Amino acid sequence: MTIVRVDAIPVAYTEPNDCGSTRSLLLCRLETSDGVVGWGEAITQFPEASRSAAVLMEGIADTLIGRDPLDHLAILADLHKRSWWYTYGGGIGAFVVSALDIALWDLRGKVLGVPVSTLLGGALRRELPVIASTHAFNASLDFEVQRHGAYVKNDGYKGIKIGMGKRGEAHLGYEIARDVAFVADLREAIGPDAILIMDRGQSLVWSVADAIRRTRAFDEYQLAWMEEPLEPYDVEGFRRLRSQVTCLIGTGEREFTVRGYQRLLGEGISDVVGFDPARAGGITGGLEVIKLVEAANVWFNAHAWSSAITTAASIALSASTSRCLLFEMKPLANPMQNELVTSPFVQRDGFMEVPTGPGLGIEVIESVVEHYRLR
Ligand SMILES: [Mg+2]
């Protein structure tokens with residue numbers, strides 16, 4: 001059996017969890033001579049990045065054609081050899097390798113008839129606790145408090161994560177006193193035991209002092225962690241912040257490579273290491289990062305905010321380590337989670353089951369892929 005076809009498919013879709021913005025991904029479809037299909041994804045986010053990654057993937061496709069899909073690591077080595085000039089340190093090339101790696105894992109599982117979690121050595125648990133991960137975008141913060149309270153109280157999520165400084169009219173992340181009042185109201189709405197995480201959007205420019213003030217004030221309301229409070233390169237800022245607060249600090253989601261994570265963990269500034277398989281080396285990259293996370297006794301947190309393909313890959317990775325606190329799901333129905341696959345991922349009573357079907361355990365609906373293809 002050999003790989004006979006590599007399709008790079010840029011898609012665009014409306015994301016209700018991001019105030020109805022248009023988001024873009026690069027999907028990847030591998031097919032073997034026996035007609036087995038594997039799917040991968042790159043979280044390119046922007047149409048120009050999806051198109052660029054598609055061009056690179058089409059250019060590198062000959063590295064895969066004619067190969068046995070079970071020669072996964074050998075194929076990866078050749079992909080890295082071929083793309084050495086434009087994948088070092090990450091960037092568009094890293095998106096391409098990530099998507100291909102996820103598709104190769106899916107293909108391997110489907111060929112062998114076992115789930116990816118089994119290929120990884122077996123899931124440590126059959127289900128993961130799930131929080132609702134979304135952005136605040138309504139001008140009325142009372143509305144946002146009620147909405148997020150309902151995710152916990154009515155829908156059963158174990159907690160919430162809220163992005164500040166995102167699209168829409170909520171304008172969180174600008175006035176400290178207003179932000180703190182919002183967090184206080186949220187804690188009351190979700191109850192004392194629910195997980196609460198606040199996440200700084202990249203558009204917010206905070207000084208280290210701002211980050212310290214906010215984190216300390218939020219932590220009065222039992223913050224599980226503060227995510228990306230500073231730009232990832234600000235190592236000294238993270239050190240100052242960490243010396244002043246007790247809650248966990250999350251950073252890492254913008255890293256592209258295992259070496260990037262090695263550096264991050266070497267600095268000792270991240271308690272909760274954000275990782276997206278659709279950006280930083282696929283499932284293979286995730287396994288390497290998990291080893292680093294486990295050695296450092298910190299936490300692995302999947303940044304799974306795109307399609308069901310990445311969700312499946314991220315669940316398998318998250319279930320493979322005891323250094324994972326929770327799994328994040330977008331609470332509002334959205335095309336790339338709810339339309340793309342025959343059985344969309346849903347949390348039940350605050351838990352997500354680890355898929356048991358072969359490969360990633362999902363069936364991608366090709367007509368839906370075509371419908372969202374970026375023209
Ligand atoms: Mg984040």
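So, which strands does helix H1 lie across, and at about what angle does it run to E1? What you're looking at is a predicted model.

Okay, the sheet. We've got 3 strands in an open sheet, ordered E1-E2-E3, and the pairing is antiparallel. On the edges sit E1, residues 3-15, and E3, residues 37-45, each pairing on one side only. Going from one strand to the next, the twist averages 20°.

Let me zoom in on one pair. E1 and E2, with E2 covering residues 21-32, run antiparallel to each other and share 12 bridges. If you want one to click on, take valine 6: its bridge partner in E2 is leucine 30.

Now back to that helix. H1, residues 47-60, lies across E1, E2 and E3, and it runs at about 180° to E1. Then there's H4, residues 92-112, which also packs on the sheet. H4 touches E2 and E3, and its direction makes about 155° with that of E3.

The domain assignment gives us domain 1, 3-113 + 364-371, and domain 2, 118-353. Their C-alpha centres are 25 Å apart. At the contact, domain 1 puts in 32 residues and domain 2 puts in 35.

So who does the touching on the domain 1 side? The elements giving two or more residues there are E1, E2, E3 and H4. H4 has the largest share, with 10 residues. And by type, that side of domain 1 splits into 18 nonpolar, 9 polar and 5 charged residues.

That's my tour, happy to take questions.

Technical notes: Residues are numbered from 1 along each chain as its sequence is written. This is a predicted model: local features need pLDDT of at least 70, side-chain atom pairs count only at pLDDT 80 or more; totals for chains, interfaces and linings use all residues. Two strands pair if DSSP finds at least two bridges between them. Helices (H or I, at least four residues) and strands (E, at least two) are DSSP runs, numbered from the N terminus. Axes are lines fitted to C-alpha atoms, for helices over the stretch in contact, and angles run from 0 to 180 degrees between N-to-C directions. Two residues are in contact if their C-beta atoms, placed from the backbone, lie within 7 Å. Domain bounds come from an automatic or database domain assignment. Ala, Val, Leu, Ile, Met, Phe, Trp, Tyr, Cys and Pro count as nonpolar, Asp, Glu, Lys and Arg as charged, and the others, Gly among them, as polar.
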